[in-house]
Amino acid sequence: MAGISGFQAGEDVKTRRYNNNNNWGFPRIARDPITLPGIEIAAGDMIVMLLAAANRDPEIFAEPGRFDPARQNRHLAFGLGQHFCLGAPLARLEADIAVTRFARRVREPRLDCERPPYREHVTLRGPAAIPLSYTEILPASGDS
């Protein structure tokens with residue numbers, strides 16, 4: 001599906017590195033002592049990983065603050081390994097359906113502001129609203 005400025009079906013995952021709605025990992029308890037640059041973590045200490053920081057690590061991502069849908073780097077938007085999000089396939093499917101249907105039905109969408117206002121929430125990020133203009137919304141085609 002070509003559509004929103006070249007956005008292709010399945011590319012929702014690439015947007016999640018840049019602007020994920022969940023920027024905090026779940027709290028964990030350090031099983032063993034850990035030494036990181038400038039910090040000592042004792043066994044038993046609670047730690048929280050900031051996914052947003054990991055997804056913008058300049059040692060992993062060239063120009064981490066730039067949105068690039070062609071970027072091929074892995075990210076932690078859905079976690080990793082045993083902590084991988086069980087809902088990831090459903091989230092990808094929902095996003096793919098939403099973007100595909102939006103692109104099929106909404107003609108000439110334009111953002112009506114420089115940057116959408118974001119919700120003031122520490123854990124769940126995202127726009128409070130996305131003010132758009134468009135020339136037309138086509139009727140649903142009835143396909144699933």
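## Contacts along the chain

Among the contacts in the protein with a separation of 6 or more, 54% are between residues 24 or more positions apart; a contact here means heavy atoms within 4.5 Å. Please keep in mind that this is a predicted model, in which local features need pLDDT of at least 70 and side-chain atom pairs count only at pLDDT 80 or more, while totals for chains, interfaces and linings use all residues. Residues are numbered from 1 along each chain as its sequence is written, and side-chain values use heavy atoms, with hydrogens and water left out.

## Elements and surface

The protein has three helices and eight strands, arranged from the N terminus as α-β-β-β-β-α-α-β-β-β-β. These elements are DSSP runs numbered from the N terminus, with helices being H or I of at least four residues and strands being E of at least two.

The accessible surface of the protein is about 10400 Å², and carbon and sulfur atoms hold 58% of that surface. Areas come from the Shrake-Rupley method with a 1.4 Å probe, and for residues only the protein chains shown count as cover. Of the 144 residues in the protein, 19% are buried. On this scale, buried means under 20% relative accessible area, exposed means over 50%, and partly exposed lies in between (1.4 Å probe, protein chains only).

## The second largest pocket

By residue class, the lining of the second largest pocket holds 14 nonpolar, six polar and four charged residues. Ala, Val, Leu, Ile, Met, Phe, Trp, Tyr, Cys and Pro count as nonpolar, Asp, Glu, Lys and Arg as charged, and the others, Gly among them, as polar.

## The loop between α2 and α3

N55 sits in the loop between α2 and α3 (88–105). N55 counts as buried because its relative accessible area is 2%. Beyond its neighbours within four places in sequence, N55 contacts R16, R17, F61, H75, L76 and A77. A polar atom of the N55 side chain lies 2.7 Å from the backbone nitrogen of L76. A polar contact is a pair of N or O atoms within 3.5 Å; within protein, one must be able to donate a hydrogen and the other to accept it, and residues adjacent in sequence count only if both atoms are side-chain atoms.

H75 belongs to the loop between α2 and α3, and its relative accessibility of 18% is why H75 counts as buried. A polar atom of the H75 side chain lies 3.0 Å from the backbone nitrogen of A77. The C-alpha atoms of H75 and R56, 19 residues apart in sequence, are 9.0 Å apart. A88 is in helix α3 and counts as buried because its relative accessibility is 0%.

## Backbone angles and a proline

E63, in the loop between α2 and α3, has a positive phi of about 45° although it is not a glycine. E108 also has a positive phi, near 50°, in a residue other than glycine. E108 lies in the loop between β5 (106–107) and β6, and it counts as exposed because its relative accessible area is 54%.

P131 is in the loop between β6 (110–111) and β7 (132–133). Is P131 buried, partly exposed or exposed? It counts as partly exposed because its relative accessibility is 31%. Not counting residues up to four places away in sequence, P131 touches R110, L111, D112 and C113.
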